[in-house]
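Here are my notes on this model. Please keep the structure open beside them as you read.

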Amino acid sequence: MTTIAFLRAINITNHFVKMEDLRAVLVAQGFHNVQTYIQSGNVVFDDPSSSYAEAEELINRQLEARFGFAVETFLRSASELVALEQTCPFKPSEIDPKAALYVTFVRHEPDAEAQARLAKHQNELDTFRITGRHVWWLRHKQVGESKFSGAKLERALKQAGTARNITTIRAMITKYGFTNA
């Protein structure tokens, strides 16, 4: 099954990783057809393991051992990614051309308390919607105008996550020919 790993905090601050080194770590663990997409921690592969939890933990351990820092890993299947893109909770009319739409991948669907904490941050610049293990964040203006951040989102949810622009997700779906099948 084609699986996508979204890695948190790759190639930012002091966490620089060459993509060929990242691919090598996963190949050494038995993953097949490993490919990286751009330099921000998106890895496409065929996963031989039986569960996401096991594969996420294995990848986390191996990347930390190899690179010396923790790397949270969030796995989704190709069909999950396609379904995610197709069920965007924002109508096209809600998305201004200057806006940025992000999806934050988390491990567990945020509970009611986490959703309430996140809702307190909603304002004229930042709108949030949650669909399962995905937190949608619509920044209505340029990034620098919002005072909200990924760190604040994680604190509100009380769990780690990693965000990708919807443009990146759509480009991956197209490049790799992902389908709902």
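Predicted model: local features only at pLDDT ≥ 70, side-chain atom pairs only at ≥ 80, totals over all residues.

1. The buried residues of H2 are covered by, among others, strand E1 (2–7), helix H1 (19–28), strand E3 (42–46), strand E4 (73–77) and helix H3 (78–86). Which residues of H2 are buried? They are Tyr52, Ala55, Glu56, Leu58, Ile59, Asn60, Leu63 and Phe67.

2. Next, check the length of H2. The helix runs over residues 52–67, which makes 16 residues. Glycine 68 follows H2, with a positive phi near 85 degrees.

3. Now turn to helix H6, residues 166–176. Its buried residues are Ile166, Thr168, Ile169, Met172, Ile173 and Tyr176. Why do they fall on the same side of H6? Because they cover an arc of only 160 degrees around the axis. Thr167, Thr174 and Lys175 are exposed, on the face of H6 turned away from the buried side.

4. Look at both ends of H6. Asparagine 165 caps the N-terminal end, with a side-chain oxygen 2.8 Å from the backbone nitrogen of threonine 167. After the helix comes glycine 177, whose phi is positive, near 65 degrees.

5. Aromatic rings come next. The structure holds nine aromatic pairs. In one of them, tyrosine 102 and tryptophan 137 have ring centres 5.9 Å apart and planes at 45 degrees, so the pair counts as tilted. The partners come from distant parts of the chain, 35 residues apart: tyrosine 102 is in strand E5 (residues 100–106) and tryptophan 137 in strand E7. Tyrosine 102 has a relative accessible area of 18%, so it is buried, and tryptophan 137 is buried at 4%. Ring pairs also link Tyr102, Phe128, Trp137 and Phe148 into a cluster.

6. The charged end of arginine 107 sits over the ring of phenylalanine 74, 4.7 Å from its centre.

7. Stay with strand E7 for histidine 134. The strand covers residues 134–139, and histidine 134 lies in it. Is histidine 134 buried or exposed? Its relative accessibility is 10%, so it counts as buried. Its side chain makes a polar contact of 2.9 Å with the side chain of arginine 76. Leaving aside neighbours within four places in sequence, histidine 134 is in contact with Arg76, Leu84, Val103, Thr104, Phe105, Val106 and Arg129.

8. Finally, inspect two backbone angles. Isoleucine 38 is not a glycine, but has a positive phi of about 50 degrees. It lies in the loop between strand E2 (32–37) and E3. With a relative accessible area of 43%, isoleucine 38 is partly exposed. Lysine 158 is not a glycine either, and its phi is positive at about 60 degrees. Its loop lies between helix H5 (150–157) and strand E8 (161–165). Lysine 158 is exposed, at a relative accessible area of 64%.

Conventions
Residues numbered from 1 in each chain as written. Heavy atoms only, no water. Helix = DSSP H or I, 4+ residues; strand = E, 2+ residues; numbered from the N terminus. Buried < 20%, exposed > 50% of the residue type's maximum accessible area, 1.4 Å probe, protein only. Polar contact = N/O pair within 3.5 Å; in protein donor to acceptor, adjacent residues only side chain to side chain. Contact = heavy atoms within 4.5 Å. Arc of directions from axis to C-beta. Expected span 1.5 Å × (residues − 1). Phe/Tyr/Trp six-rings, centres within 6.5 Å; stacked < 30°, edge-to-face > 60°. Lys NZ or Arg CZ within 6 Å of the ring centre and 35° of its normal.
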